[in-house]
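Open the model in your viewer and get ready to click along. The tour goes stop by stop, with something to select each time.

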Amino acid sequence: LTTRDERTTDTRPVATRPLPPDLPDPAEPDIPDLARLARYVFREMRVAEQECPFANPFHDPISFAFHVEVRDGRMSTVHLAWAALRTGEEPRPLQPAPPELTAYAACLAPRLEAVTMDPSPSDGAYQPEYSYPGHPRAQ
């Protein structure tokens, strides 16, 4: 997977590009496996912003999780696990997920599956969660 980042002339595969300086390092020692995986996923979300854009289509914040299966240092399976609007104390599940989010997950999946994680979280299934702010209502 080689892409061209429009903001730079970096044509290396997305997964091998250096970390942006403002992101937590997934190689940080002594962090839990879910946190390590979440950092690898978030890094790819940020690096692939041009190729896989996502804008929350709702006024309220949206949260979602990817279902990720880790095998031998790779994300072997990646798909959208759930989505919910944050309208108060309790999230309101979105069934089905909005098409914009489904398309975003489908765009990211092959990029995430191409990542070689070193160090890697333990083999198993994980659900890292992410949130995007909503759009304020017009006055």
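Leaving aside its neighbours within four places in sequence, which residues is Leu 112 in contact with? Select Leu 112 and look around: Val 41, Glu 44, Met 75 and Val 78 are in contact with Leu 112 once those neighbours are set aside, where contact means heavy atoms within 4.5 Å.

Before going further, a word on what you are looking at. This is a predicted model, in which local features need pLDDT of at least 70 and side-chain atom pairs count only at pLDDT 80 or more, while totals for chains, interfaces and linings use all residues. Residues are numbered from 1 along each chain as its sequence is written, and side-chain values use heavy atoms, with hydrogens and water left out.

**Stop 1: the whole chain**

Switch to a cartoon view.

Now show the surface. Its accessible area is about 7700 Å², with 53% belonging to carbon and sulfur atoms; such areas come from the Shrake-Rupley method with a 1.4 Å probe, and for residues only the protein chains shown count as cover. Of the 139 residues, 38% count as buried. Buried means under 20% relative accessible area, exposed means over 50%, and partly exposed lies in between (1.4 Å probe, protein chains only). Among contacts with a separation of 6 or more, 68% are between residues 24 or more positions apart.

**Stop 2: helix α2**

Select residues 99-113, which make up helix α2, with Leu 112 among them. Is Leu 112 buried or exposed? Leu 112 is buried, at a relative accessible area of 0%.

Next, colour the buried residues of α2: Leu 101, Tyr 104, Ala 105, Leu 108, Ala 109, Arg 111 and Leu 112. They pack against α1 (33-47), β1 (62-71), β2 (74-86) and β5 (129-132). The end C-alpha atoms of α2 are 21 Å apart, in agreement with the 21 Å that its 15 residues should span at 1.5 Å a residue; the expected span is 1.5 Å times one less than the number of residues.

**Stop 3: helix α1**

Move to α1. Its buried residues are Arg 36, Leu 37, Arg 39, Tyr 40, Val 41, Arg 43, Glu 44, Met 45 and Val 47. These pack against β1, β2, α2, β4 (124-126) and β5.

**Stop 4: the nonpolar core**

Show side chains for Phe 64, Phe 66, Met 75 and Tyr 104. Of the 28 residues in the largest nonpolar core, these four touch the most other members. α1, β1, β2 and α2 each supply at least two residues of this core, and the largest share, six residues, comes from α2. A nonpolar core here is a set of buried Ala, Val, Leu, Ile, Met, Phe, Trp, Tyr and Cys residues joined through side-chain atoms within 4.5 Å.

Centre on Phe 64. Not counting residues up to four places away in sequence, the residues it touches include Met 45, Leu 80, Trp 82, Leu 101, Tyr 104 and Tyr 132.

**Stop 5: the disulfide**

Which residues form a disulfide? Select Cys 52 and Cys 107, whose sulfur atoms are 2.0 Å apart; a disulfide is a pair of cysteine sulfur atoms within 2.5 Å. This pair links distant parts of the chain, 55 residues apart: Cys 52 is in the loop between α1 and β1, and Cys 107 is in helix α2. The structure holds one disulfide. Its link is left-handed, with -75 degrees about the S-S bond. Cys 52 is buried, with a relative accessible area of 3%.

**Stop 6: salt bridges**

Finish with the charged side chains. The whole structure has five salt bridges, each a side-chain nitrogen of Lys or Arg within 4 Å of a carboxyl oxygen of Asp or Glu.

- Glu 28 and Arg 39 meet at 2.7 Å, N to O. They join distant parts of the chain, with Glu 28 in the segment before α1 and Arg 39 in helix α1. Glu 28 is partly exposed, at 34% relative accessibility.
- Glu 49 and Arg 46 meet at 3.6 Å, N to O. Glu 49 is partly exposed at 35%, and Arg 46 is partly exposed at 25%.
- Glu 69 pairs with Arg 71, their closest N and O atoms being 3.9 Å apart. Glu 69 is partly exposed at 24%, and Arg 71 is partly exposed at 39%.

Terms used: Helix = DSSP H or I, 4+ residues; strand = E, 2+ residues; numbered from the N terminus.
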